[in-house]
Structure formats: C-alpha cells, structure tokens
Amino acid sequence: MRLIFAGTPEPAVPALRALIEHEGHEVVAVLTRPDARVGRGRSLKPSPVKAVALEHGIEVIDPVSLSDADARARLAELAPDCIPVVAYGNLVPKDLLDVPAHGWVNLHFSLLPAWRGAAPVQAAIAAGDEITGASTFLIEEGLDTGPVFGTVTEAIKPTDTADDLLGRLAQSGAALLAATMDGLEAGRLRPEAQSADGVSHAPKIVSDDARVDWSMPGHLIDRRIRAHTPAPGAWTMLGDDRLKLGPITPVAGDDDALDQAPLEPGRIRVEKKRVLVGAGGGTAVALGDVQPPGKRMMNAVDWARGARPDDGKLV
C-alpha cells in the first residue's frame with residue numbers, strides 16, 4: 001500500500017522504520033510537526049520522525065496545523081491508501097479523514113477503551129495497572145473512540161518508569177501497526193467497535209501533575225514518580241528549593257526504622273546508607289536520585305551529605 005506516515009516523537013520511530021523496511025508497503029511521505037527550538041541555544045531541531053524520513057530520502061510535510069492549504073493539497077495529491085499515525089500531535093479535520101481509502105489508522109499505547117487521551121502509559125503506571133498494551137484503531141471525530149483493528153498486551157513491571165514501558169510498547173506496537181497494514185491490504189481485517197465498559201481517560205500531563213503529594217501512601221508515591229519519569233519529572237519543594245526526584249523505593253511496613261520513630265508525611269531522616277521521607281498512612285520511602293536547583297542528578301545520600309536536610313520537610 002501507499003502510505004503517508006504521521007508521527008513526531010521518538011516512540012513513533014520504531015513504527016516508521018518497520019513500515020519503511022516492509023517490502024509490501026511504500027512510505028511515500030511523512031507528516032510531522034514543524035522543527036522545534038531546543039536546548040540553551042534554542043536552535044531548531046527536526047522531530048525524530050522527520051530525521052528518519054530525511055535519512056531515507058522520504059518527502060516531509062510539516063505544517064503547523066492541518067488547516068494549512070498547501071499541506072492539505074499535498075496529502076490529496078499523494079493519494080495514500082492509508083495514513084498510519086503514531087503520536088502525531090495535531091488534530092485531523094473531519095474532511096481529511098476521507099483522503100486515504102483505508103482511513104487514518106492510529107497506534108495508541110493502551111488497551112482501548114482504557115486510557116483514551118494523551119498520556120496512556122503514564123496513567124496506567126500511576127493507576128497500578130498490571131497489564132497494558134497497544135491498540136490500532138480507525139480514527140474518527142471522537143478522542144480515541146474509533147473501532148479497533150488489533151491489540152498487543154504488555155505486562156507492567158514493578159519498577160517500570162514511563163520511559164521503560166513506552167520503549168517496549170513502541171517496539172511491539174510497531175509490529176502490530178505493520179500487521180494491521182497487511183490485514184487492510186489483504187481485505188481480511190475489519191475493525192470492531194470499542195466496548196462501552198471500561199472507558200478511562202489519560203489527559204495531557206502538565207508539570208503540576210508531577211509534584212509529589214507526601215500525604216499519599218508510599219506505594220502510590222512510587223507509582224506516580226515512575227509515571228512521570230523522565231518527563232516532566234517528579235518534583236517537590238524543600239524550603240525555597242525545587243528538587244527533582246528520580247524513582248524511589250517504598251519502605252517495608254516491618255522496617256525497624258519506622259517502628260522506632262515514625263515519620264510524618266514529608267519529614268526527612270538521613271541515615272548512613274539511605275534518605276527516608278515520611279509518607280501517608282504511617283509509611284515511608286527511600287529517596288533514589290535527587291536533583292537540586294542548578295545541579296546534576298545525584299544519589300540521595302550524596303545530596304544529603306552536602307545539603308544536610310535531616311529533619312527538614314518536603315512539601
């Protein structure tokens with residue numbers, strides 16, 4: 001099939017590469033977001049998907065939005081059979097949904113109808129789900145509501161960060177998307193409507209969502225920090241300092257340190273080999289890595305040696 005691949009960030013790259021390497025399909029163009037300014041120098045940098053397209057000599061279409069007349073005309077001129085989509089990042093107007101014969105087929109990193117929205121991987125980790133996966137579905141006007149072509153499942157490991165889990169889903173999802181294209185071309189694949197049960201939503205994450213609430217039990221803090229690692233990055237305040245936190249370790253309920261002197265939520269206790277912080281319900285966590293303002297990420301014990309935060313309180 002003639003394909004236009006729509007995608008932008010790094011997790012979309014495995015799917016693009018899989019389709020480029022597939023002998024049965026031709027990626028005639030890539031639709032992606034415009035170059036973005038990054039780093040201290042604010043220099044323009046192409047999206048990861050655009051970089052791969054340029055590497056393979058594939059045409060790039062990168063409008064600010066799909067209301068752009070030139071981009072709309074070019075999509076129609078290319079006459080794709082299908083437009084597979086992975087984290088493109090722009091809304092598709094209703095009239096453009098009819099351009100490809102087989103529609104726009106999205107690879108979404110959840111088992112729909114669970115976790116519709118922008119941050120399904122983060123939501124699954126934060127909720128404590130044990131199983132998640134990826135789905136391919138036909139895009140329609142609703143948000144991730146279209147009928148589903150296929151799914152793959154993935155176990156969520158107890159120490160998974162969003163980056164860990166998304167990396168695995170990007171690989172298994174790439175194979176699913178390629179198989180979906182095969183099924184559509186062969187005429188053997190028909191999408192099935194999503195169930196009305198089990199619908200949940202995963203809205204776009206902002207920085208405030210990643211602030212640690214120390215009144216939560218330790219196991220919930222653990223999930224939320226992992227869900228926001230590496231981006232936008234979990235954080236907390238110590239006085240006027242904003243500290244970025246890496247994944248932590250919940251302290252076991254029978255830990256001697258808690259039996260001898262319980263910690264109120266947010267209270268810090270520095271030990272020889274770990275830094276404890278009190279959490280809700282009489283629980284506690286051991287900090288992993290800490291990044292103070294203007295410094296690199298470092299082991300919590302090393303940070304505490306210089307910062308001397310013993311008996312301070314995180315909020």
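How many cavities of 30 Å³ or more does the count come to? The count comes to one. The structure is a predicted model, in which local features need pLDDT of at least 70, side-chain atom pairs count only at pLDDT 80 or more, and totals for chains, interfaces and linings use all residues. Residues are numbered from 1 along each chain as its sequence is written, and side-chain values use heavy atoms, without hydrogens or water.

A cavity is a set of points, on a 1 Å grid over the protein atoms alone, where a 1.4 Å probe fits but cannot get out. Points are joined across faces, edges and corners, and volume is the space filled by probe spheres set on them. The largest cavity holds about 60 Å³. Its lining (residues with an atom within 4 Å of a point) includes Asp209, Arg211, Met216, Ile221, His228 and Ala234. Six lining residues are nonpolar, one is polar and four are charged. Here Ala, Val, Leu, Ile, Met, Phe, Trp, Tyr, Cys and Pro count as nonpolar, Asp, Glu, Lys and Arg as charged, and the others, Gly among them, as polar. Helix H6 (residues 218–227) contributes the most to this lining, with three residues. Helices are DSSP runs of H or I, at least four residues, numbered from the N terminus.

Helices H1 (residues 13–21) and H2 (residues 48–55) pack at about 25°, their axes 9 Å apart. Axes are lines fitted to C-alpha atoms over the stretch in contact, with angles from 0 to 180 degrees between N-to-C directions. H1 is therefore roughly parallel to H2 (angles under 35 degrees). Val13, Leu16, Arg17 and Ile20 of H1 meet Pro48, Val49, Val52, Ala53 and Glu55 of H2, contact meaning heavy atoms within 4.5 Å. Seven of these residues are nonpolar, none polar and two charged.

Notes:
1 Å grid on protein atoms, 1.4 Å probe; cavity = no way out; pocket = protein on both sides within 12 Å on 5 of 7 lines; lining within 4 Å. Helix = DSSP H or I, 4+ residues; strand = E, 2+ residues; numbered from the N terminus. Parallel < 35°, antiparallel > 145°, perpendicular 65-115°, else oblique.
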